[in-house]
Protein chains: 2
Amino acid sequence: MKEAFISLDEKRQYEILAAAMGEFAEHGFTKASTNRIVKRAGMSKGMLYYYFESKRTLFDDALDFALVHIENHMLDGIASEKEGFIERCARLSHIKYRYFMAHPAISQFITSVYFSDDLNEEQKLRNEALIENREQILFDNLDLTRFRDDIDHRTAVKLIAWTISGYTREMEHMMKTEGMAFSRFDAYFDEFDHYLDAMRKLYYKEEYQ
Amino acid sequence: MKEAFISLDEKRQYEILAAAMGEFAEHGFTKASTNRIVKRAGMSKGMLYYYFESKRTLFDDALDFALVHIENHMLDGIASEKEGFIERCARLSHIKYRYFMAHPAISQFITSVYFSDDLNEEQKLRNEALIENREQILFDNLDLTRFRDDIDHRTAVKLIAWTISGYTREMEHMMKTEGMAFSRFDAYFDEFDHYLDAMRKLYYKEEYQ
DNA sequence: AATGCAATTGACCAGGGTGGTCAATAAAAG
DNA sequence: CTTTTATTGACCACCCTGGTCAATTGCATT
């Protein structure tokens, strides 16, 4: 990250880093191609090395950018008031989903990094901290009394988390293959609410359904 | 697939195709490397082209082999007797899991093919037929009366399927990262049974729990 | 108009990997 | 001993890689 890049306006910086993150997310560090990155970003090969020292530091800087960006943009509005686990999951899904729509490259980059091995120690630690932070947000300050008494809380939490992850995964797959129209998003969330209602009926005491 | 390959004993044929399928599964058709395939299979580059016409026909033959193999080996013992949806999912998970353990390369190959685009029309149709067949096995001849009356059957079926897919996905991820010891498989299935019991309590009428 | 500096290009490099070939062998069969 | 089959790996032309750099363009200041 040389001064030339820093003195670019924010929008252009974002474009370039997004191009890099998209490429890294798709191919991983080693098989990612700097040639494809410059093509995505709409610039010449020379500029990439005018802005960054090497492919490696480009990756590092992109990861830095992504982690900071997520910290600043996604983790707000999550001030965890007391709520049931289903409501918590639903709210976080909405937040995650909106963030993904607004910043797909960052989301995919961070997701791919989660499964990859080409991080240095410091990056691994930071990434783990992020994951732990997310866990905390997911589980902190829950109202667990809403659960039926005849089912173990920990079990219920696990089952619900798996269910929602399965649902969102299916939706992601559908959107990828069928290219869901933007107008259908409302239907997507209506459907989601329907399933949330059903889950409340299954997992919660009557007074909370 | 030349005669030379066909006159090989079955075991060696399997080894070679498994090597190819593993490589294709990991990298997709284009980025799969014939050099790595021969290394995996423990033979020389020349032999590959002594056995197969080209990389493309190798892929085609491997897919053929995989589809036939699955039809013959996995889809037995699934004679769908009347049972609840949870029991059905559990049984199919067991079958799928055993098959994965016995034939990981085939499993991963077929899974990867499901997400890839480099199939010709005939292969796409065959693959879709396989998927449809699986759906039928999953949903045919179910005892839906076991479900609680206050929850829609279709909704319940969806929720359960997502839950189980979430669980197995988490297990797969754990096994990949931590390299689950084979001795722990019993524990894996004990845990699985625990969650199945919980799900019965949630979704079924009392007399079926 | 002239100068100087920053931004920008893309041809170019050596290195490595690609799918595929083939003359040379080794092994087996006749 | 000869013929056929199995097997090797060096080799090919080609493509892509991360990275460099001389040359050019654009712009601001004199």
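Which residues form one aromatic cluster with Trp162(A)? Tyr97(B), Tyr167(B), Tyr188(B), Phe189(B), Phe192(B) and Tyr195(B) do. The close-up views below come from a predicted model, in which local features need pLDDT of at least 70 and side-chain atom pairs count only at pLDDT 80 or more, while totals for chains, interfaces and linings use all residues. Residues are numbered from 1 along each chain as its sequence is written, chains are lettered from A in the order in which they are written, and side-chain values use heavy atoms, with hydrogens and water left out.

**View 1. The aromatic pair Phe24(A) and Phe59(A).** Over all chains, the structure has 37 aromatic pairs (rings of Phe, Tyr and Trp, the last by its six-membered ring, with centres within 6.5 Å; planes under 30 degrees apart are stacked, over 60 edge-to-face, the rest tilted). The ring centres of Phe24(A) and Phe59(A) are 5.0 Å apart and their planes stand at 85°, so this pair is edge-to-face. Phe24(A) belongs to helix α2 and Phe59(A) to helix α5 (residues 55-73) of chain A, 35 residues apart. Helices are DSSP runs of H or I with at least four residues, strands are runs of E with at least two, and both are numbered from the N terminus. Phe24(A) and Phe59(A) are both buried (buried is under 20% relative accessible area, exposed over 50%, partly exposed in between, with a 1.4 Å probe and protein chains only).

**View 2. The annotated segments of chain A.** An unreviewed UniProt entry lists "domain: HTH tetR-type" at residues 10-70 of chain A. That stretch is 87% helix and 0% strand, with its end C-alpha atoms 16 Å apart. The "DNA-binding region", also from an unreviewed entry, is placed by UniProt at residues 33-52 of chain A. Here the chain is 75% helix and 0% strand, and the end C-alpha atoms are 15 Å apart. Such annotations may be inferred rather than shown by experiment.

View 3. The structure holds 32 salt bridges over all chains (a side-chain nitrogen of Lys or Arg within 4 Å of a carboxyl oxygen of Asp or Glu). Glu15(A) is partly exposed, at 34% relative accessible area.

View 4. Lys158(B) and Glu170(A) meet through their side chains at 3.7 Å, N to O. Lys158(B) is partly exposed at 35% relative accessibility, and Glu170(A) is partly exposed at 29%.

**View 5. The second largest pocket.** Its volume is about 230 Å³, taken as the space filled by probe spheres set on grid points joined across faces, edges and corners. A pocket is an open set of points on a 1 Å grid over the protein atoms alone, where a 1.4 Å probe fits, with protein on both sides within 12 Å along at least five of seven lines; lining residues have an atom within 4 Å of a point. The lining includes Phe139(A), Asp152(A), His194(B) and Tyr195(B). Helix α9(A) gives the largest share, 5 residues.
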